[in-house]
Amino acid sequence: MTTEVRNITVNQLGYLKEANKVAIFTEVGGKFEVINNENGIIVFEGETGEPINDELSGKTVYYGDFSVVTEEGTYYIRQSHSTSASFKIAAQPYDELHTSLLKGLYFLRCGMDLEEKYAGPWKHGKCHLKEAIVYGEEDHRIETSGGWHDAGDYGKYIVPGAKTLADLFLAYELYPDAFKTVIPLPETDHQVPDVLHECRYELEWMLKMQDERTGGVFHKLTTLEFPELDVMPEDDLADLYLSPISATATATFCAVMAMASRIYEKLDGQFSEVCLKAAVYAWEWLQKNPDIPGFKNPPSIKTGEYGDATDTDERYWAAAELYRTTGEKVYHDAFQSFARMEFPKYSFGWVDNGGYGTVSYLLNREHDVDDALYNDLNSGFLKEAERLASQSKRDGYKISLDESGYIWGSNMVLMNNAMILVLATHFSEKEDWSSIALDHVHYLLGRNVMDICYVTGFGDRPVRNPHHRPSVGDNVEEPVPGYVSGGPNKHVQDEAVQHLKGQPPAQCFRDHIDSYSTNEITIYWNSPAIFVLSGT
Ligand code: G3I
Ligand code: 9MR
Ligand code: ZN
């Protein structure tokens with residue numbers, strides 16, 4: 001089947017009633033009409049603006065603004081003989097997506113049956129239940145079931161898990177009303193919000209990853225090699241190994257356990273204490289191991305490395321969360337001394353996660369802060385938002401990615417940047433960057449040069465062939481819904497996209513099951529999208 005090329009791209013889910021609404025036309029500008037899909041009535045006639053030469057997409061683009069259309073309904077855009085996807089104008093066009101992105105995490109649960117009642121056709125059996133072998137200590141085995149599979153593979157890795165939880169906790173802390181919808185989950189009780197049930201599934205697994213003897217945290221839990229692409233989780237029966245303890249795993253574990261202790265305090269005091277104890281024990285390990293090399297895969301382990309040579313940002317984050325949770329001076333002192341070091345302080349990736357430490361300090365209303373440091377971090381944060389905003393204004397598709405942003409997981413860079421714009425709006429007394437954050441959502445959901453909605457199961461042309469083992473191995477035609485695909489990667493790092501080498505960065509994408517460097521899915525590509533949708 002060939003799909004016809006459309007030159008009008010829109011957010012395929014739609015636009016908020018009161019927000020700016022712009023369709024992006026490629027190659028041809030001019031007059032256009034907005035047509036009500038239900039009755040064929042032309043509700044608006046407009047004309048695009050001037051051509052804009054956009055290098056990152058390799059196209060000349062034109063903007064068609066139809067913000068004046070505010071009546072709820074389903075519409076499409078027509079320009080001479082071309083038409084766009086149909087889309088909604090609604091008060092809450094992204095609610096179902098928000099719930100589905102959360103449900104995507106449920107679908108990645110390891111160690112339990114995904115029952116038809118919750119998983120529908122994407123049900124499958126319990127998986128990865130063997131005791132794990134501690135690498136280098138063949139006789140030492142630990143029960144470590146549970147948690148979320150990381151991605152299209154079945155590994156479970158601490159650092160990306162921590163990023164995911166941090167995004168969800170921050171979203172819940174700042175925008176609790178966004179989490180009122182019942183997903184539902186097996187644990188749904190209409191008291192504890194479902195998002196916290198889902199997060200607890202990962203937290204309980206993480207707690208098992210802490211070495212009882214030292215407080216250090218094993219970097220990851222995986223088989224030695226990735227299984228074939230069509231293997232269902234319950235059929236992946238190779239031995240499981242715990243990779244050596246790392247400082248980045250221990251510090252990010254420490255940070256999210258300290259966060260969790262705060263978040264769950266009123267709901268389950270006992271669990272909150274367990275989390276705090278685990279965080280403090282991890283912190284002790286960090287104190288005893290101030291200077292250890294970054295994690296590298298042991299020679300026989302070929303799964304995702306999540307290597308990172310610098311652990312200062314992770315330690316800074318851990319200190320910030322422990323200070324916010326306990327108010328103890330030692331953590332404040334540690335935070336202040338890490339803050340004097342040079343590293344990215346406004347970054348929310350799995351490599352650089354200093355941004356979480358900064359945000360924790362800026363949100364700290366519980367305890368005293370050092371005013372000078374606070375103001376410094378606050379103005380640095382706003383400056384970063386300003387930088388992203390001005391990059392977005394220069395970009396043909398109105399987003400903040402410059403060429404260096406089109407890497408493996410560019411859609412995470414996109415959503416992380418939108419997250420910064422949303423947070424900076426929260427921190428700023430006068431600026432509001434939320435409409436630029438929304439432009440990032442529009443790109444993700446279809447207003448991009450590929451004319452694709454980068455979330456499985458949503459929009460008129462969604463990603464259909466993600467590099468995701470259950471979606472490949474089950475006999476269900478549609479992929480598991482609710483996953484953000486990695487997105488264009490100008491470094492084209494797999495065989496399936498070699499022919500795209502040298503193409504404009506935003507076109508280095510292929511909706512193919514083999515393209516893990518452009519079309520895989522992960523827990524931490526969903527989570528910043530959940531944050532952004534919660535805050536808009
Ligand atoms: O940021 C640099 C840039 O400065 C540099 O110039 C450029 C040149 O290669 O690369 C950029 O780094 C990339 C890095 O991701 C950015 O975070 C690397 O190329 C790229 O190889 C690296 O990819 C990571 C990939 O694993 C391979 O290690 C992805 O971030 C990471 O999300 C991905 O994670 C995998 C796990 O290993 C296994 N599970 C699935 C998961 C998703 O694909
Ligand atoms: O499926 C793997 C995916 O989750 C990883 O992100 C990717 C990079 O580490 O590797 C994938 O596995 C491929 C392996 O690296 C090379 N042989 C083909 C595998 C995909 O079937
Ligand atoms: Zn599993």
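Biologist: Over the ring of which residue does the charged end of Lys345 sit?

Modeller: This is a predicted model, in which local features need pLDDT of at least 70 and side-chain atom pairs count only at pLDDT 80 or more, whereas totals for chains, interfaces and linings use all residues. Side-chain values use heavy atoms, with hydrogens and water left out; residues are numbered from 1 along each chain as its sequence is written, and chains are lettered from A and ligands numbered from 1 in the order in which they are written. A charge sits over a ring if NZ of Lys or CZ of Arg is within 6 Å of the ring centre and within 35 degrees of the ring normal. The charged end of Lys345 lies 4.5 Å from a ring centre, and that ring belongs to Phe343.

Biologist: Is the aromatic pair of Tyr316 and Phe343 edge-to-face or stacked?

Modeller: Rings of Phe, Tyr and Trp (its six-membered ring) pair if their centres lie within 6.5 Å, and planes under 30 degrees apart count as stacked, over 60 as edge-to-face and the rest as tilted. This rule gives 29 aromatic pairs. In the pair of Tyr316 and Phe343 the centres are 4.9 Å apart and the planes lie at 75°, which makes the pair edge-to-face.

Biologist: How many residues apart are Tyr316 and Phe343?

Modeller: Helices (H or I, at least four residues) and strands (E, at least two) are DSSP runs, numbered from the N terminus. Both residues are buried, meaning under 20% relative accessible area, where exposed is over 50% and partly exposed is in between (1.4 Å probe, protein chains only). Tyr316 is in helix H7 and Phe343 in the loop between helix H8 and helix H9, so that the pair links distant parts of the chain, with a separation in residues of 27.

Biologist: Which angle lies between the planes of Trp408 and Tyr516?

Modeller: Trp408 is partly exposed at a relative accessible area of 36%, and Tyr516 is partly exposed at 36%. Their rings form a tilted pair, 5.9 Å centre to centre, with an angle between the planes of 35°.

Biologist: Which site does the zinc ion (ligand 3) have, tetrahedral or irregular?

Modeller: Donors are N, O and S atoms within 2.8 Å of the metal (3.2 Å for Na, K and Ca), and since water is not among the atoms, sites may look incomplete. The protein donors here are Cys110 (SG), Cys127 (SG), His128 (ND1) and His149 (NE2), at 2.0 to 2.3 Å. Four donors count as tetrahedral if all angles lie between 85 and 135 degrees; four count as square planar and six as octahedral if opposite donors are over 155 degrees apart and all others between 65 and 115, and anything else is irregular. The angles among the four donor atoms run from 103 to 113°, and the site is tetrahedral.

Biologist: How many residues apart in sequence are the parts that Cys127 and His149 tie together?

Modeller: Cys127 is buried at 2% relative accessible area, and His149 is likewise buried at 2%. Cys127 lies in the loop between helix H2 and strand S11, and His149 in the loop between strand S12 and strand S13, so the separation in residues of the parts they tie together is 22.

Biologist: Is Tyr306 buried or exposed?

Modeller: Tyr306 has a positive phi near 45° although it is not a glycine, and its place is in the loop between helix H6 and H7. With a relative accessible area of 11%, Tyr306 is buried.
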